[in-house]
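My notes are below, in the order I made them.

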There are 2 protein chains.
Amino acid sequence: MPYLITGIPKDPKHPLPIRKDIDDWYLEQTSAGSNRIQLTLFVEALTVIQNRPLNDQLSYFRLAGIHGAPWTEWDGVPGGQKDSKGNPTGFCVHNNYTFPTWHRVYVTLYEQVIYEAMLDFIKQNVPQNGKADWENEAKQWRLPYWDFARFARHGHDNTQGDELRLPILVTMPMVKVLVPGQPGKQLSKPNPLYRFQMQTLMGTLERPYAITSQKTEEHGWSFDLPFDKCQSTTKYGLLENYNADVWADGGQNWLRANLALNEHPWYQNLDGWASVPTLQDMTFRLLTTGGLNWGEFSSTRYDDKKEEAQPKNNEQAPKNWMNLEAIHNNVHNWVGGFMFSRPGRHDLKLWGAGHMSSVPVAAFDPIFWLHHWLTAIWQTVNSGSWFNDDKSKVSKDDDLRPFHRFCEKTRKVVFFRSDDVKDWRSLNYDYAITKDASRIRKEISDLYGQRTKEVYKDFGEEDYILSIRYSRYALGGKPFQINIFFGDVDGKDFYDARSQNFVGSVFNFSGSLEDSNCDKCAQQEQEGVLSVSQLPARLAVHYYKKQNKGEVPTPRYVVVNSQGKAEAEVKVEVALHKTEVFHSVDSESWDLRMEHTHCFSTHGMGGHYHYDTTAEVVEYEAWLNTAKVIYRIDQPGQ
Amino acid sequence: MPYLITGIPKDPKHPLPIRKDIDDWYLEQTSAGSNRIQLTLFVEALTVIQNRPLNDQLSYFRLAGIHGAPWTEWDGVPGGQKDSKGNPTGFCVHNNYTFPTWHRVYVTLYEQVIYEAMLDFIKQNVPQNGKADWENEAKQWRLPYWDFARFARHGHDNTQGDELRLPILVTMPMVKVLVPGQPGKQLSKPNPLYRFQMQTLMGTLERPYAITSQKTEEHGWSFDLPFDKCQSTTKYGLLENYNADVWADGGQNWLRANLALNEHPWYQNLDGWASVPTLQDMTFRLLTTGGLNWGEFSSTRYDDKKEEAQPKNNEQAPKNWMNLEAIHNNVHNWVGGFMFSRPGRHDLKLWGAGHMSSVPVAAFDPIFWLHHWLTAIWQTVNSGSWFNDDKSKVSKDDDLRPFHRFCEKTRKVVFFRSDDVKDWRSLNYDYAITKDASRIRKEISDLYGQRTKEVYKDFGEEDYILSIRYSRYALGGKPFQINIFFGDVDGKDFYDARSQNFVGSVFNFSGSLEDSNCDKCAQQEQEGVLSVSQLPARLAVHYYKKQNKGEVPTPRYVVVNSQGKAEAEVKVEVALHKTEVFHSVDSESWDLRMEHTHCFSTHGMGGHYHYDTTAEVVEYEAWLNTAKVIYRIDQPGQ
Ligand SMILES: [Cu+2]
Ligand SMILES: [Cu+2]
């Protein structure tokens, strides 16, 4: 009998429970007067699941294994699908249009399994007179999520800080929980959200579950990190030339991860400008860029039909290259770290690799399950965009394997498809922010738009973005990071956000080839499947112009591999674009600036376009997008 | 009955055992074919000690408490001595001439207590037929030490790396040990060297053992770090504005510590020069600078009689300001971290504080006991220097409280004095490097001098050092770091080795006032007890000169407090000195460069002093030191 994914059953007595920001939820649970029951249940249930034997498909190991390694079957569906080269791939979908929907079902499965373990725990441990309370808490619980793009709040006063961080609960080795039946007693227990730890090295697990370290230099699926030597998941703890006993439990270097999350160029402070974490800025842009279709939003996958329709040159409007998966890929990199070898012989920058940065093992780190939440927000502000373009339409009816549901109509057990989870509420959860569509834009602005607003206010309306197009498999599937620079690149120091002239980075998050057996995909892979991303560059351009007499920078890039070496052979297309708000009408008398706009191009034809032209006739030619709605947040200052 | 410190009893059947480098020892214990018994015994014994109740003075907590907090009695000796202001101080001795000898007895006590716990463990756990083997291993065991100044070797092939690191064993949360009586079986256990963890927050321990957080802004003993909120020791895990539950077990951010240990200026790579970790360079200089007396070597304490004898100006030869305690203070800082608040509002540099950087709680971190070893090496190459100057002589007969020994002559139990441990071998241990005095200089050069030799070879014989004189209690006992710069100091970025123009740093390692009740000391404290240090500056000066047409830099400094703020009021004396080798004779025909030397001064009278002078008479005036011995390492290149 297959395992049927339904989400946590809906309790008709209560409104639909919400998935809460995990810091908010933790503070709620641990505040004075709180009963701490949900926290206890989550910790106890996850501990049980993590300790289940490997032959139990509802064990943490087997659930995490669906995402990639060890490529075994799940729920009767053969795992380890082979790509055209015969290399195994996971069930999961990256660089494809079902990326958000596949992960939506996946996280719901996890939530459901935890809920069921909670009920078991209550049955076995909670005295009769407390059972109803505990069961009610379980029913109201939903898996919390980690809002990686909002500034962290660590205090019970809910004060907003000014940096991005891993969740409180993820950085604590131990956690205090209740002891059922012993009122007032709290026990310190190992925190199952801190890491996933096994009894032995993951490379020595019984077959077919052993996690292997792969060393392949050929084109094809490949990585060479020693995950087989790990007994625990790690963040930044895999470092070449360190003793293997250190790798076994390389630790959760969350201080390093926090630094990375706030990736920002070194020069931002120089002029008294506050920094803008790229991650927050990208998230804000993704959620506020209008007119993206599903194919553009959902995946890094580059739609080759676009290339035919629009000339491949720097004038091409790149706004469509902003996407969910690109943001998500960077988070994987910044949480786990991908650089196994020290960059530069005598350069002692921070380095280290971990599970989150490697597709085949990413889901073993318990933080994995907390960071897939953004799609529902985007859907709420883009309700018409659902597999609504030629490319993504084709994937709409793809089976989301190996996830089963019961089809009421046919009375059969079938695989999920994207349409089945278009409305996440059908999986019996919601988010606070998506409950009221009329307030969501204000909330998005409050959560992610405050810092940019503050920093950008002196720069007028000139905005700049970088578009990046690359082959995800350029290194045969091995991970790499594309670092973008304005101005000269230091030949010895090009690794990260602290490097001179650094603007931002793109991570390929690769470790497996695309999950597809079709001829077309095989062909794409041989040609090099293309992926796209976008980086905000407003601050960097303004800084560069200030330093260089108003000159607009030419972007440069370095592709860095997990050995910290530059991959000079890998070609990436990087272009800088100016995006301009051009108001053609002020129908609501909102005091819009109608009088002029600016554009630029790289062929010398940019300029200052103003309404008081002196010539009789002026002809403008430009790539323009039309805004469908204008939202007024507040009155412009005088 | 007092606890008598003797060291581990000598086994007449065997030569005197040595304390081994802990990485070497760990690799030995875990190599193929090794029996792993000593590792098991060390882990099991230390675990037992860490779990002893607080009223047991041989518990880890009480042993660590001798060093500072919670200022209780030990071995019947009243703790919490009061300074002239009535603030408690620990038994331990800093900024004084018994600093090395007090810590020598302290570490021996620890070693002895562990040894005794080993014997207990064997008695209770090892089957009869194995007891002799295990007991023999215990008898041969000595507490390993952490050579923080040598490049780490993490592999069984003993290959030398090119960076300084925390020991392997200190960075592993779990460690594999034997199970006595079950041959071949190994068990993964929590590693007591990774951290010291208690059952509750240290601030909630029963009185008088509760560890408090002190907030004092007045002149006097003061610190304001939340060690009361810690359940475990931490490295860099105390961060302001983080949730207190994160502080409880803030983690061992050894990746951050490793970065700090290799503190080196950002520009070192720019010209293809390898980096020279300040720590290694300082250690090498301390061990190879001839002619230091005990008072100069042993402590940061500034000998005010020197000031009378020599004019206080930049010509004063500063070589005597290099000392053991200054090096040791920096290690405390780099291992634990002292910056509790984030430096700069939007500056996301790495920060965080931990136990090792704070005198009152430093000994609670298990790494504390591994880093006191340098004195024996220095004694071996400076065998005549033992309390051999006017100042240190006075402290020679100070009681090393609260450490007791049995005096054979008087048949009484007395406190240790420095003379009792002048020969560390009388405490029944030795070091490999100190066993053969004839080879020790070669070994010092191999361990600590290779990198400088390689890097400095292009710079001729011009050497530069910085001398620093400061008041340890300038912030009323609160910790601070003095950062030295050549050239401009960035007003917003002056925190650490990554800051522009950074040369090196000095840490005051303060948290308690000087352990003394004499009027003179009270007066000194009120005047501000002075401490001195020295930093190597050869690479920095050469870089600066190259960038600035040969100009010699003027050193600048910033005093940074644990809030990441500059303390503009704190005055520090910093001077740059050129030290020159001036060969007056080449009696052995070693091909010494006799023909010329260079000097400089800050009053414009430096120059090029050459033997082919054209004037009839030339008079040179200089501060010179005479070399007693010249060691020839190898033939100079052509
Ligand atoms: Cu994923
Ligand atoms: Cu000390």
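What follows is what I looked up, entry by entry.

**Ground rules**

I am working with a predicted model, where local features need pLDDT of at least 70, side-chain atom pairs count only at pLDDT 80 or more, and totals for chains, interfaces and linings use all residues. Residues are numbered from 1 along each chain as its sequence is written, chains are lettered from A and ligands numbered from 1 in the order in which they are written, and side-chain values use heavy atoms, with hydrogens and water left out.

**How the two chains relate**

I started with the superposition (least squares on the C-alpha atoms of residues with pLDDT of at least 70 in both copies). Chain A goes onto chain B with an RMSD of 0.0 Å, using a turn of 180° and a shift of 0.0 Å along the axis. The two copies are therefore related as by a two-fold rotation axis. Which residue of chain A comes closest to the rotation axis? I found A:N253, whose C-alpha is at 3.1 Å.

Next I checked the interface, with contact meaning heavy atoms within 4.5 Å. Of the interface residues of chain A, 100% are also interface residues in chain B, so the copies meet through the same surface.

**What UniProt marks on chain A**

I looked up the annotations, keeping in mind that UniProt positions use the numbering here, that feature names are shortened, and that annotations may be inferred rather than shown by experiment. Helices (H or I, at least four residues) and strands (E, at least two) are DSSP runs, numbered from the N terminus.

The unreviewed UniProt entry puts "domain: Tyrosinase copper-binding" at residues 94-111 of chain A. That span is 72% helix and 0% strand, and its end C-alpha atoms lie 21 Å apart.

UniProt (unreviewed entry) also lists a "binding site" at A:H328, A:H332 and A:H372. They are spread over 45 residues of sequence yet cluster in space, with a largest C-alpha distance of 11.1 Å. I placed A:H328 in helix α11 (residues 324-336) of chain A.

I count two strands as paired if DSSP finds at least two bridges between them. For angles, axes are lines fitted to C-alpha atoms (for helices over the stretch in contact), and angles run from 0 to 180 degrees between N-to-C directions.

Strand β11 (residues 463-471) of chain A is joined to β16(A) by 7 bridges. Here A:I465 has A:H577 as its bridge partner. I then looked for helices on the sheet.

Chain B has an open antiparallel sheet of 3 strands, ordered β14-β11-β16.

**Hairpin**

In chain A, β8 (residues 399-407) and β9 (residues 412-417) pair antiparallel over 6 bridges. A:H404 is bridged to A:F415 in β9(A). The hairpin has 4 residues between its strands, and A:R411 in the turn has a positive phi of about 60°.

**A helix pair in chain B**

Last stop: how do α4(B) and α5(B) lie, roughly parallel or roughly antiparallel? Helix α4 (residues 99-125) and helix α5 (residues 131-140) of chain B pack at about 175°, with axes 10 Å apart. They are therefore roughly antiparallel, since angles under 35 degrees count as roughly parallel, over 145 as roughly antiparallel, 65 to 115 as roughly perpendicular and the rest as oblique. Among the residues that meet are B:Y115, B:F121 and B:I122 in α4(B) and B:W134 and B:A138 in α5(B).
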